[in-house]
Each structure stands twice: as structure tokens, then as C-alpha cells.
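Here is a short report on one protein model.

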Amino acid sequence: MENFKKAVAEIKNFLPELKLLENENLSAHSSFKIGGPVGAMAFPKSEDEFIMLCAHLRKFHILPMLLGKGSNVLFPDEGLKAAFIISTELLNELSLSPDGLVSAGAGVSLARLAAFAAQNSLTGLEFAAGIPGSTGGSCVMNAGAFGGELKDCIESVRCYDLKKQELHELTNQECLFRYRGSLFKENGDYAVLSAKFRLKKGDSTEISEKMRSFGQSRRDKQPLDLPSAGSTFKRPEGCFAAALIDAAGLKGCAVGGAQVSPKHAGFVVNTGNATDADVKELISIIQGKVLETSGIKLEPEVVIIDRDFRKEF
């Protein structure tokens, strides 16, 4: 911990304009609204500030955890006292180039990105309008909905190799996108800084109507009124996790403050006072019961962070 404290002190000294919080409660940065304090959390406002911050952390052998909007993660109630988190939420530049490419910083929300595309009569991102994630985190997860995925329209991703301290611009193919996965998910050494999207020209009225329809479908079918991490499980091949959970009789099943949503069985929600232990136990119960009734082992889509998490060079 002494090394960690020295690192924080030096960063404050050399980067006085950097927003840096100590012992910040992670429940405020997670859509699940669960999680204890983290040792330090920084919010760089530019790519240059991000790189300078990483250089100081490298000096103290601290490998940071990257966080977007926290819409797909479960933090421990004990917190992460020896961890350093870099939030990309302030990397939020958004622009349209003359050649038609939309560039979005890692902190740009998918809702804002989809709205920007619609305003410029560009089609291809309508599915993303209701996904509660950031561009960076969604690149890592290859987020998708309503039959669309980010990989379908990404031209390239600008990223930073935390260990080698190098910038890279990777093509769509080099990102190794797959269902709810990518190179960035496989290799935690890469931090997504921004992405470029190649979209097609479309009719703005039709694009807006499609987004409205998708949004209404979400409101009708999903428990958006309660904290959650979205779909708790990945979709098994040939079927849907929600249908398997429903068939297993688990709709409404609860452990403490965690509950299988009565509205949509694919969501585990926080009814008000859920702990990370509640959520993990409920996930285990669901996996066991679905395996028993269908023979299928569900794989969590939510990223579960262990309380002993610590990353070093």
C-alpha cells in the first residue's frame, strides 16, 4: 500500500488538473449500484492526459483497471482498496469527418452516438440507442441488440497498450470481434480510447422511427426501473437464456436484494439492498437449475470483479 500511496501523491503533483478521487464508492459508478470503495479513480480528459497518467502508474508498477459507464460489471461490497481505476467517461469527443466516418471517444454513450448518427442521416447504429454503455466498454464487449452488433459498423479502434506504453489503430479484423467478445476483452492490456464507425446514408425519419420502436420495445419488455447489469447471461447457441430461466421456474426467484426480474427472466435486478454476494449466489442458483432442466450451462455476460483484484506490471 505504501507504493500505491506514493503513486497517487506523485500523480497529484505532476497532473494537478487531473480529476482524481480516493476511496470513491464504486456503487456510484456501476449500473448495479453495488460496490465499495476503490483505492483511487482517475478521469483523464484527453488522450495525452491518459498517456501521461499511465506513464506515472508504470513507474510504480501499477496496471490500472479500465472502466466505462460500469453498465456490465459487478463490484465487491468490500471494494478494491489496492486498485487504481481509470474511467474513460471524460473522453467524450464526437465528430463526423468529410469522408463520412463518425469518430467517438471511449466515454461517448451509445445513446449519444446513435442520436448523433441519426441527426446526420446515417443508418446502422439504431440498435445501439438503448444500450446503457459507453463506446469504449461496448467495443470491448462487442455490444449488440435487436440483431445488430458494434462489429457490423466499426471501421477501426484506437487503443493504448498499457504494458508496452504504445498507441495502436486496429482495423475491424484486428479487433477479433465475436459474440460479446473481442481482442480487448481477451487481452486486458489494451485500453480503448476511441473508435471510428462507417455508416450508410439513410432517411432520417426512418432512422428515428426505428430507434423509437426499439426504445419502446425495451421499455415494454425490460426492467429498466431497477438497477441491473443488463442481460445477466450470454445467449446460448440456438436458444435464449431468458427462456431457459423462465422454463426452469425461476422468474421472481430472489436471494437477499437480488432477484430474477418478474418482467424479464434474463435480468438479475437489485431491488434496493442487494450485495455482490446476493447477486453471485443467485447467478449460481440459476446456472445450476437451468443445467438441471435443460442440460445447458449458462455463461455470465456480466463481468464479476473479485475483491482480491489487483493488477501489476
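## The hairpin

Four residues lie between strands E11 and E12 in their hairpin. Glutamine 165 there has a positive phi, near 60°. This is a predicted model.

E11 and E12 (residues 166-171) are antiparallel, and six bridges pair them. In this pairing, valine 157 sits opposite leucine 170 of E12.

## The open sheet

Four strands form an open sheet in the order E1-E2-E5-E3. The pairing in this sheet is mixed. E1 (19-25) and E3 are the edge strands, each with a single partner, so one side of each has no neighbour in the sheet. From one strand to the next, the twist averages 30°.

Strands of a sheet pair through backbone hydrogen bonds, in either the parallel or the antiparallel sense. E3 and E5 run parallel, joined by three bridges. Leucine 67 stands opposite serine 87 of E5.

## Helices across the sheet

Helix H1 lies across E1, E2 and E5. H1 runs at about 30° to E5.

Helix H2 lies across E2, E3 and E5. The angle between H2 and E5 is about 155°.

## Helix H2: length and end

Histidine 61 follows H2. The phi of histidine 61 is positive, near 60°.

Which residues of H2 are buried? They are Glu49, Phe50, Leu53, Cys54, His56 and Leu57. Seen down the helix axis, the buried residues of H2 fall within an arc of 160°, so they line one face. On the other side of H2, Asp48 and Lys59 are exposed.

What covers the buried residues of H2? The cover includes helix H1 (2-14). It also includes strands E2 (37-43), E3 (65-67) and E5 (80-87). Strands E11 (154-161) and E13 (190-198) are part of the cover as well.

Conventions:
Residues numbered from 1 in each chain as written. Predicted model: local features only at pLDDT ≥ 70, side-chain atom pairs only at ≥ 80, totals over all residues. Heavy atoms only, no water. Buried < 20%, exposed > 50% of the residue type's maximum accessible area, 1.4 Å probe, protein only. Helix = DSSP H or I, 4+ residues; strand = E, 2+ residues; numbered from the N terminus. Arc of directions from axis to C-beta. Contact = heavy atoms within 4.5 Å. Pairing = 2+ DSSP bridges. Axes fitted to C-alpha atoms, helices over the stretch in contact; angles between N-to-C directions.
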